[in-house]
Every structure is written in structure tokens, then in C-alpha cells.
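This briefing concerns the single structure displayed below. Please read the points alongside the sequence and the model.

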Amino acid sequence: TAAALLAAEAQYPAGTQIEYVWVDDGSRDQTFGALLQFHYRHPDRVRIVRLAGNVGSYNAIVAGMQYATGDCCAVIAADLQDPPEILVRMYEKWCAGHKLVIANRTGRSDGWLSDRLSGLYHRLIRRYAIHNLPEGGFDVALFDARLREEVVKMSEKNTNTLYLLPYMGFDPVCLPYERQKRRIGRSRWTLSKKIKLFIDSFISFSFLPVRLITAGGLLLGTVAMLYALFIVVCRISGVIHVEGWSTLMVVLLFVSAFQMIAIGIVGEYVWRTLDAARHRPMYIVDQIVETT
């Protein structure tokens, strides 16, 4: 990975200064030793952030952002599934004035099932959460230092850190590429972690689950009350002859209707409490034009 990044340096514009921030997410192999060797060869522009334990890739990304110092910042994994050469094209877009540049996947070599599940995940996120998310999603991004500072300031857990970038409202410039199959090592991105990411993404960026509970509670509550009224009419008209059944059903339906509506209302309050506890900024100023 280090060799590929160094090889791509020749393609950057003259005078570009590059620093490398490597995050060791609690590895138990020889990763840290290899990073130290790279640091010794380039001590003036290589920084290593070694985490005490494995905290997950998205938390590790925030750690890397916190210790980056450049005018812009790029995030790329070390497994070489994403070509380091694309960072050069992304940097050119940033130099042209774009605050957020994304390398979005147009294809992947991870197998039929993984490809279909990934496509479904990103379609749902685009439809119900982050509308400016590129099709196919992304794992590589280059963005302005201002965006990096905002993400670090949020300090959010259990979320997709990279998806916070388009969520802030900046329209991304997308550079399509096809993700390659992993050739070295074995991914620890297990099915359980993918399911957790799916849940975290919806809870972090969308109020759809809570709104579905509210809508379902109101719908079922209305149906329950109408059915209760129907039972009362049937009892008065003599259609129902069993003593006590009508009273029991009416009480049960009314209580159930109240519970469903109450759960929906409580869910709306919980969502707003969660949204306030995140401390996300209400707005981000892109530029201020002062009067002369």
C-alpha cells in the first residue's frame, strides 16, 4: 500500500505537500512494525496513530481525521481494493474549488450476493436517508479541512463516518471507478458488522423507523376504535348474544389503540432527544462575503 501511494505522488501537481496518517486499529499481526519502518524512511511526513484496541473502521477514520493537518484530507483503506491513483484526480477537483470529492463504486468484484446486498443497502439509504449519496456508495473521499473539523467535532458513535460528509449538505463531485477484489489478507468485515452498519445508518440519518411506528400506531389505533364502535352497534342491535364479550373486546381494543398511538408519540420524542444529543451543527457556513 505504501509503495502504491508513493508511486502515485509523481502524478500530483508540482509543489504538492503530502502527509500520511496511518491508523492501526488494534491489529495483532506485524502491521505496526511495518508502519514503523515506513515512518523511519519518511519521518517528516508519516504519522502513525495506534489505537489501544479494535474500535471499528469508522471510529478509526475519525482518529485519523483528528491527527491530520493538511488543507484537505483523503480517506482510503489499506487493502488496495480502491486504487490510490484516483486520489490524484480527486485532488485536482479539490484544487478546482470543490469541497467534497467522492470516488463512487460503479462495480465491485465481491461476489453476486455481496453485490446485490450492497446495492440494496445503498438504494435504501439514498431513498430514505441521504438523498445526495452517489449510487453504489463510496469508501474513498477527499474533502476540505473544514469538513474534517466538523466531522471530528461531532464525535458520533455507531454511525457511518464517511456518510456524514454528504449529509452535511455539500454537493459531492463523483469520480466513478470499479472496486477490485481483495488480493492480500482476509477482510474482517463480517456479515454481523454489515447488518450493524445497516441499522446504524438508518438510525443515524433517517427518522423513517420512528415515523413508521407512528404511522402504524395511528392506523392500527383508528382501525381498533372503528371496530370497537362496530361491536357496540352489534351489541345494541342484538347481533351479539354472548354476555360480557362486547365489553371485554371494546376495552381491549381501546387500550390497544391508546398503546399504539402512545408508542408512536413517545418514539417521536425519543428521536428528537437523540437528534439533540448528537450535537450536530444546525447549519454549516460555506462562505461569508463581507461588506466593504
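Is Tyr91 buried or exposed? At 14% relative accessibility, Tyr91 counts as buried, where buried means under 20% relative accessible area, exposed over 50% and partly exposed in between, with a 1.4 Å probe and protein chains only. This is a predicted model, in which local features need pLDDT of at least 70 and side-chain atom pairs count only at pLDDT 80 or more, while totals for chains, interfaces and linings use all residues. Residues are numbered from 1 along each chain as its sequence is written, and side-chain values use heavy atoms, with hydrogens and water left out.

**Confidence**
- The chain has a mean pLDDT (the predictor's confidence in each residue, from 0 to 100) of 83, and 91% of its residues reach 70 or more.
- Confidence is highest in S3, at 96, and lowest in helix H10 (residues 245-277), at a mean of 78; helices (H or I, at least four residues) and strands (E, at least two) are DSSP runs, numbered from the N terminus.

**Aromatic pairs**
- The structure holds nine aromatic pairs, defined for rings of Phe, Tyr and Trp (its six-membered ring) with centres within 6.5 Å; planes under 30 degrees apart count as stacked, over 60 as edge-to-face and the rest as tilted.
- The rings of Tyr12 and Tyr91 are edge-to-face, with centres 5.7 Å apart and planes at 70 degrees.
- This pair links parts of the chain 79 residues apart: Tyr12 is in the loop between helix H1 (2-8) and strand S1 (20-24), and Tyr91 is in helix H4 (residues 86-95).
- Tyr12 is also buried, at 16% relative accessibility, and Tyr12, Tyr91 and Trp94 form one aromatic cluster.
- Phe138 and Tyr163 form a tilted pair, 5.2 Å centre to centre with 35 degrees between the planes.
- Because Phe138 lies in strand S5 and Tyr163 in the loop between H6 and H7, their pair ties together parts 25 residues apart in sequence.
- Phe138 is buried at 1% relative accessibility, and Tyr163 is buried at 2%.

- Seven of the ten residues of H6 are buried, including Leu147, Arg148 and Glu150.
- At the start of H6, a side-chain oxygen of Asp144 comes within 3.0 Å of the backbone nitrogen of Arg146.
- Asn160, in the loop between helix H6 (145-154) and helix H7 (164-167), is buried at a relative accessible area of 2%.

**Cysteines**
- A search of the whole structure finds zero disulfides, a disulfide being a pair of cysteine sulfur atoms within 2.5 Å.
- For Cys95, the nearest cysteine sulfur is that of Cys72, 7.0 Å away; Cys95 is partly exposed, at 46% relative accessible area.
- The sulfur of Cys174 is 17 Å from the closest cysteine sulfur, in Cys72, too far for a bond.

Note on methods
A polar contact is a pair of N or O atoms within 3.5 Å; within protein, one must be able to donate a hydrogen and the other to accept it, and residues adjacent in sequence count only if both atoms are side-chain atoms.
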